[in-house]
Amino acid sequence: MSDPFESVYEEIIHDHYKRPKFKRSLEGQPFVENPSCGDKVRVSIKIGGDGRIADAAFDGAGCSISMSSADILAQMLIGMTPERAHEIISTFLKVLRGEKEVDALDELGDAAAFKGVARLPVRVKCAALAWRAALLQLDQQGYAVEVD
Ligand code: ZN
């Protein structure tokens, strides 16, 4: 309960939830939904002329885990190549599925805040939602990479 690292993580999640920097009204694409919690989110990714992600944003409603996860994801994606984006999304989803050690999140910036969530099966779907939406976006734009 008094683990200092846990509370830092809670603060990160809370901050992205209360003061999202990448939440905007988006149009033209369906929401990805998590019926078990009522979360819905959609993600917009724009690739710039240099082949890197020039803009990323999300739109939606839901619990603090799903919304903060979307904000952290958008923040992380900007400046990345679509291939690298696929890689980090894949790593994140594998950790949540228990296929990779939670320490793999250490290289993913604020996404490390979800280490605790990875151990809570009921919240895993909340955390994964935006990342799944981002994969769909990349696929739709022709950046499909084999992600298992
Ligand atoms: Zn949720």
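Predicted model: local features only at pLDDT ≥ 70, side-chain atom pairs only at ≥ 80, totals over all residues.
**Ground rules.** I number residues from 1 along each chain as its sequence is written. Local features need pLDDT of at least 70, side-chain atom pairs count only at pLDDT 80 or more, totals for chains, interfaces and linings use all residues, and side-chain values use heavy atoms, with hydrogens and water left out.

**Aromatic pairs.** I searched the whole structure and found two aromatic pairs. Rings of Phe, Tyr and Trp (its six-membered ring) pair if their centres lie within 6.5 Å; planes under 30 degrees apart are stacked, over 60 edge-to-face, and the rest tilted. I looked up Phe92 and Phe114 and found ring centres 5.9 Å apart and planes at 90°, so this pair is edge-to-face. Phe92 is in helix H3 (residues 82–96), while Phe114 is in the loop between H3 and helix H4 (121–140), 22 residues apart. I take helices (H or I, at least four residues) and strands (E, at least two) as DSSP runs, numbered from the N terminus.

Next I checked Phe92 against Trp131. This pair is stacked, at 3.7 Å centre to centre with 10° between the planes. Phe92 lies in H3 and Trp131 in H4, so the pair ties together parts 39 residues apart in sequence. I note that Phe92, Phe114 and Trp131 form one aromatic cluster.

Is Trp131 buried or exposed? Trp131 counts as buried, at 0% relative accessibility. Phe92 is buried too, with a relative accessible area of 0%. My cut-offs are under 20% relative accessible area for buried, over 50% for exposed and in between for partly exposed (1.4 Å probe, protein chains only).

**Helices H2 and H4.** I looked at H2 (residues 64–77) beside H4. Their axes come within 8 Å and cross at roughly 35°. Axes are lines fitted to C-alpha atoms, for helices over the stretch in contact, and angles run from 0 to 180 degrees between N-to-C directions. H2 residues including Ile65, Leu73 and Met76 meet H4 residues including Cys126, Ala130 and Trp131. Contact here means heavy atoms within 4.5 Å.

**Proline 20.** Where is proline 20? I found proline 20 in the loop between helix H1 (4–18) and strand S1 (32–34). Proline 20 counts as partly exposed, at 30% relative accessibility. Not counting residues up to four places away in sequence, proline 20 touches Asp15, Phe58 and Asp71. I also checked lysine 115: proline 20 and lysine 115 are 95 residues apart in sequence and 20 Å apart in space, C-alpha to C-alpha.
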